[in-house]
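Hello,

Here is the structure I said I would pass on. My notes follow below it.

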Amino acid sequence: MTPADLFALPFMQRALIAAVFVGIAAPAIGTYLVQRRLALMGDGIGHVAVTGVAIGLVTSTSPTWTAVVVAVLGATLIELIRERGHTNGDVALALFFYGGLAGGVLITGLGGENASTLQSFLFGSILTITIPDVLVTMVLATVVAVLCLGLAPQLFAVSHDQEFARVAGLNVRAYNLLVAVLAALSVTVAMRTVGLLLVSALLVVPVATAQQVTRSFRTTLVAAMGLGVLASLGGLVIAALASFRANVAPGATIVLLSLAVFVLTWPLGVWLRRRQRARVPFDDEVPADHAHAHDEDDHAHGEDCGHPAVPHGDHLDYVHDGHRHAPHGGHYDEH
Amino acid sequence: MTQPPDPLPADPLLPVRLQDGAVSIEGRPVLRHVDLTVGAGDFVALMGANGSGKSTLVRALTGLRPLTAGRLELFGTPLDEFRSWERVGYVPQRTGAGSGVPASVWEVVASGRLTRRRLLRPLGRADRAAIADALEVVGLADRAKDGVSSLSGGQQQRVLIARALAGQPELFFLDEPTAGVDLPNQHALAESLRQLRERGATIVLVAHELGPLAPLVDRAVVMRDGRVAYDGPPLADHEVHHPDFGEAHSHHHTAHEHRSRHDHVPSVSAPLTAHDRHDHRHDDRGGRR
């Protein structure tokens, strides 16, 4: 069998379709989670969804739908607990992590289910995805992506500055709950692709990669969605091609590929941030005494003189060997 | 100072009217018997020592902090029924930590336009013009595409003012706009506020010290220990901090407003949780000045 034959197989085509939709939806909602510093929320919801899957398996109903219901309930509860402020957000998440996972394992065992069935949800089984599953994936992923893009101004405002959003008359609680529910939906959508234990990677890693090089929210959101598709499609293709020689799990290759892209982008981000920090204006006041800078062989600071020019009040300081030289008359002052 | 014994009839021309307002934070009374009326076009400075309740008062006026007693009307409408939030602009205290994802100056300012935008509608020409105008007023038009995190603290404060400005409100609440801002930026800020005043905006700002804003203020309200201690023509900074106005009580009060603890969970990251943390941060910062 050639690679071309492999991609012609129906199960492979279903997997490719699912991968594209998951790659679009997960980073879209992930951007808002990262913005409000809830990067691990997807993980918490994923663990809660394990219980949902187990309930589905034991009661012989569709694990996808029971996972959706339980994940949405769990996400809503996490959000409400966080909003109350009685427990820190991360502690509330931790409680759900362990409760959800333990509940899922317990229920599966009680129902006499084979642990390997549960495992296909924990680590993904995109190649066994059925046509109804593909349809559910497409519908839910479209809902998530459309709401994330359509309500972007509102969701951005609420995630950026909650108090300002409240005074602007937005229903902050409703939008917070919406983000939680959308996160739950994208977790269950991604469950068949990368598995519940790896799902947060698809929500968060493309966003982390995108923001290494972006300056605005909109480009981060769009770039993260592009990187998400790249990772999920690329990971699937790598796993499929590698399957001629070895048993490669697509969930793992998808996550590792997106991490690899992050690792490649990270040094660029470090360099860009360094450069940006060097240009932040100096905020302190101009010293009243004029300390003359050391004479520097009649070097004249100016555009492209090789020394970073940083705004300082009404003038520019030139950063020179750790000193700040400010032009003053025919010489330079130390600022 | 007005101290009405009975609720007065609603007056839609008065931007703010608070009668006998009280605020408790977790059962502890912070504001008591506060009466404050702000007329259209007023430029009011809420002043006072740290912990005197001036920030709490402005948060109560915006509805962020619920009143435990009293009656608050914005433009003649009781707060519970008030829906015309496009008439109100709020400039919160600048928080040190940025958000997790980069945002450009233009995007932050554009979010101030939300009060006037319908759901799922793209930005119209009027929206873009208002955003551009707001950036112009604070003098940051050339930085529109830059990331907010690449600006200095004073410039970030001006971005927050532009955000409120973009909604074209009539009434502005500013919480300590000059705190931690260097002198050149304070002058830029004062210039922006002067333009707002000339356009007829009503401005209520919280300030520890007025500095370059002093010439703009036409009325000072000095808070002391949760009550209004003075309401009248502007005072010089040193008069506000006269012992009679409660500076001596400040440390006593901050000690009382001790951290709210609900359980024994270590207080690690919680960027968006309880609002009272915000107050504490403000108190801490104010205390260092």
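A:T64 touches A:D133, A:V136 and A:M191, leaving out residues up to four places away in sequence; contact means heavy atoms within 4.5 Å. With the side chain of A:D133, the side chain of A:T64 makes a polar contact at 3.4 Å. A polar contact is a pair of N or O atoms within 3.5 Å; within protein, one must be able to donate a hydrogen and the other to accept it, and residues adjacent in sequence count only if both atoms are side-chain atoms.

This is a predicted model, in which local features need pLDDT of at least 70 and side-chain atom pairs count only at pLDDT 80 or more, while totals for chains, interfaces and linings use all residues. Residues are numbered from 1 along each chain as its sequence is written, chains are lettered from A and ligands numbered from 1 in the order in which they are written, and side-chain values use heavy atoms, with hydrogens and water left out.

A:T64 counts as buried because its relative accessibility is 7% (buried is under 20% relative accessible area, exposed over 50%, partly exposed in between, with a 1.4 Å probe and protein chains only).

In chain B, B:V105 is also buried, at 0% relative accessibility. Beyond its neighbours within four places in sequence, B:V105 is in contact with B:L135, B:R143, B:A144, B:D146, B:V148, B:L151 and B:V159. B:L196 is 91 residues from B:V105 in sequence and 20 Å away in space, C-alpha to C-alpha.

A:F244, by contrast, is partly exposed, at 40% relative accessibility.

Regards
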